[in-house]
Amino acid sequence: MAMTAIETGFDLTLTEEQELARKTAHDFAAEKVLPRAAEIDEQAKIPRELIAEMGALGFMGAYVPEQYGGAGLDVLSYTLIVEEINRACASTGVALCSHVSLAVDPILHHGSDEQKARYLPALASGERIGCFALSEPASGSDAAAMRTGATRQGDSWILNGTKNFITNGSIADVAIVFAQTDPTERHKGIAAFIVETKTPGFSVGKLEKKLGIRGSDTAQLVFQDCRVPAANLLGEVGEGLRIALSTLDGGRISIAAQAVGIARACLEDSLAYAKQREAFGKRIADFQAIQWMLADMATEIDAARLLTWRAAAAKDAGEDHILAAAEAKLFASDVAVRAARDCVQIFGGYGYLKDFPAERHYRDAKITEIYEGTSEIMKLVIAEEILKE
Ligand code: COS
């Protein structure tokens, strides 16, 4: 059976390199991202230079080996970076998560040497942006029910179909696209492709307007006789769903880290407010009703972070991390939603206003229970893993 929490031992002491990654991300997030978070939400756009700066700092290729132009860090360091960026701005955070965990990662793990050499350096530097195109108008949780088709024609594949809810979709240069090569084979007929978005037949459809993470780009992608060179098939025909699901296992670790970052923003903002706001002649931080909310937030955030680090450590060790990632995402997203609710409550009427960050956290937190596998799918995955034997 996959490892349970008790069986997995990992050292909680961060190495010097991990501490440095965290500090670099913390300082960057505090100086460059946090001051713009409200504007990013309001204008529904992440300034391109922020992404370029994350690239220059090595975040966009955090755990890509140096040989391919990456920072050569481990997944745990990446998790620390993701938490810091998301503590400042969840829109900017998810642009990073989707790029690294969902577009760079599958090329790193399933790409040929030629594909890695061709695509990783520009993605790792942030010069090019990646996205992951799995969901469709009629398939999300049931990923294998996709209708986008790929037909072989000479030394090309012709893609036709529509992908929905694609983070970074309209700003991406490279998309990892999943398509059905033989519908009668269901999941055994799915293949993954590296598609350059300048390819004729690729176009961006509707841009979605959302409840939260409004600065993050969410687009529909349309493929109309989009001719992709056979050399851009990622892995083998029939391996597509396995590539998608194993990529999502890593993605779920980054969403767990995102949720921890959002929850931490809720706690830090609540602490600051509770220490300066007064009622009935004292600071509201002196009331037990507020203290209990703060105490629950702090405890749950620590627990969520530990689950996230454990999943990252398992991925770093090359161990099966399906269960650890699902547990981390399930728990951390729940923590983020609860922390955001209490943050609004602590801010009271001000929590409901756009002038304060609480309402943004409240809107941003919800998506962590939905994307990269809903909480219901996480429970299904967890149950399947623990019932395996
Ligand atoms: N990693 C690698 N392979 C996996 C896997 C994983 N985590 N989970 C399942 N597989 C493989 C299985 O081994 C099986 O392959 P074989 O038949 O060759 O053995 C194949 O994938 C299909 O597995 P299964 O029959 O369990 O798949 P289902 O279609 O029943 O779906 C769930 C399983 C629901 C768990 C999966 O589709 C899922 O995670 N869905 C959520 C998708 C998602 O996160 N969507 C959000 C889109 S991105 S924002």
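This is a predicted model: local features need pLDDT of at least 70, side-chain atom pairs count only at pLDDT 80 or more; totals for chains, interfaces and linings use all residues.

Biologist: Fine. At what angle do H4 and H7 pack, and how far apart are their axes?

Modeller: About 40°, with 7 Å between the axes of H4 (residues 75-88) and H7 (residues 240-276). Angles from 65 to 115 degrees would be roughly perpendicular and those under 35 roughly parallel, so this pair is oblique.

Biologist: And is the crossing left-handed or right-handed?

Modeller: Right-handed, as H4 passes H7. On the H4 side, the contact residues include Tyr78, Val82 and Arg87. H7 brings, among others, Ile253, Ala257, Arg264 and Glu268.

Biologist: OK, switching to domains. Where are the bounds?

Modeller: The domain assignment puts domain 1 at 4-129, domain 2 at 132-238 and domain 3 at 241-386.

Biologist: How far apart are the centres of domain 2 and domain 3?

Modeller: 30 Å, going by C-alpha atoms. The two do touch: 15 residues of domain 2 contact 13 residues of domain 3.

Biologist: How much area is buried there, and what share comes from carbon and sulfur?

Modeller: About 1100 Å² between domain 2 and domain 3, with carbon and sulfur atoms giving 76% of that.

Biologist: Which residues of domain 2 lose the most area to domain 3?

Modeller: Phe132, Leu211 and Ile213, and together they account for 41% of what the domain 2 side buries.

Terms used. Residues are numbered from 1 along each chain as its sequence is written. Side-chain values use heavy atoms; hydrogens and water are left out. Axes are lines fitted to C-alpha atoms, for helices over the stretch in contact, and angles run from 0 to 180 degrees between N-to-C directions. Helices (H or I, at least four residues) and strands (E, at least two) are DSSP runs, numbered from the N terminus. Angles under 35 degrees count as roughly parallel, over 145 as roughly antiparallel, 65 to 115 as roughly perpendicular and the rest as oblique. A crossing is left-handed if the near helix is turned anticlockwise from the far one by less than a right angle, and right-handed if clockwise. Contact means heavy atoms within 4.5 Å. Domain bounds come from an automatic or database domain assignment. Buried area is the accessible area (1.4 Å probe) that two parts lose on being put together, summed over both.
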